Amino acid sequence: MIPAKEATCTEPSLTEGKKCSTCGKILEPQEEADPALGHQMKSVTDKEATCGVDGRRHEECEVCGYKNAEEKIPATGEHKYGAYKVTRDATALTNGIKVRSCSVCGNQESASIAKLNPIIKLNTTSITLKVKQSTTKVTVSGLAKGDRVAFWKSSNTKIVTVSNTGKITAQKKTGSAVLTVTLKSGKKAIVKVKVQKTDVKTKKISGLSKNITLKAKKKVTLKPVLSPITSVQKITYKTSNKAIATVSNKGVITAKKPGKVKITVQAGTKKFVVTVTVKK
Ligand SMILES: [Zn+2]
Ligand SMILES: [Zn+2]
Ligand SMILES: [Zn+2]
């Protein structure tokens with residue numbers, strides 16, 4: 001007897017046959033019954049693709065283990081980037097650079113950081129000067145990182161000149177002119193200048209306290225600020241009672257004995273009174 005055979009992936013089932021047990025002669029041949037089953041293929045990943053590196057896969061039969069040729073799984077191209085790190089700060093003059101890297105494949109990607117917006121601040125927009133008077137009181141501030149003053153220019157050098165460091169000098173002629181300060185970034189600002197024959201009059205005295213309390217024998221120095229900033233009128237100081245407190249022509253108050261005293265600070269026609277209380 002020849003036993004029947006189940007169908008496999010590649011071969012059909014066979015019926016039972018018969019042969020001579022002595023000489024082996026087929027007496028009743030086996031016959032094909034059901035056709036071959038075919039492979040039960042499933043996909044197997046040998047290596048996952050990453051963002052930067054191809055993977056590999058193949059198909060194999062779950063029943064007999066037959067394998068197809070390997071094929072490639074293309075790289076995903078989707079990197080897992082961390083946060084950007086700044087490698088060069090942006091300034092008012094140059095772009096910055098930031099870089100991030102993929103935590104899987106290490107691929108680096110850089111991007112540009114926009115230049116900083118230029119900024120310029122002047123402490124005044126207009127000044128008055130007496131003929132031949134110079135001032136360095138016009139100041140530029142607030143510049144963005146990397147920026148600096150490139151040059152100053154006068155619209156009329158017969159009236160006023162300006163150095164590259166911002167020293168402004170009135171000439172012999174009276175009149176008006178405009179100074180332009182230009183930064184390296186190209187940002188500009190202007191100051192109007194009026195030149196007159198007479199001294200620039202003080203309009204306000206500030207920077208002082210109205211009331212000061214001092215212990216006897218202590219000193220304090222007054223630091224008045226005149227407005228406009230180009231006023232250079234002489235500042236004088238006067239005490240109402242030298243026995244209680246004195247004041248020097250440099251503004252140094254010396255407390256003498258307990259009591260109250262008025263210190264008058266004067267520039268031109270403007271006055272500021274500081275009341276000093278001297279305690280034991
Ligand atoms: Zn036989
Ligand atoms: Zn198979
Ligand atoms: Zn990657």
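Modeller: The site of the zinc ion (ligand 2) is tetrahedral, with angles of 98 to 116° among its four donor atoms. Four donors count as tetrahedral if all angles lie between 85 and 135 degrees. For comparison, the ideal angle for four tetrahedral donors is 109.5 degrees. This is a predicted model, where local features need pLDDT of at least 70 and side-chain atom pairs count only at pLDDT 80 or more, while totals for chains, interfaces and linings use all residues. Residues are numbered from 1 along each chain as its sequence is written, chains are lettered from A and ligands numbered from 1 in the order in which they are written, and side-chain values use heavy atoms, leaving out hydrogens and water.

Now to the donors, meaning N, O and S atoms within 2.8 Å of the metal (3.2 Å for Na, K and Ca); water is not among the atoms, so sites may look incomplete. Here the protein supplies SG of Cys9, ND1 of His39, SG of Cys61 and SG of Cys64, at 2.1 to 2.4 Å from the zinc ion (ligand 2). Along the sequence, these donor residues follow the spacing C-x29-H-x21-C-x2-C. His39 sits in the loop between strand 2 (26-28) and strand 3 (41-47), and Cys61 belongs to strand 4 (residues 55-61); 22 residues apart, the pair links distant parts of the chain. Strands here are DSSP runs (E, at least two residues), numbered from the N terminus.

How buried or exposed are these two? His39 is partly exposed, at a relative accessible area of 29%, whereas Cys61 is buried, at 2%. Buried means under 20% relative accessible area, exposed over 50%, and partly exposed in between (1.4 Å probe, protein chains only).

Terms used: Tetrahedral: all angles 85-135°; square planar, octahedral: opposite > 155°, others 65-115°. Helix = DSSP H or I, 4+ residues; strand = E, 2+ residues; numbered from the N terminus.
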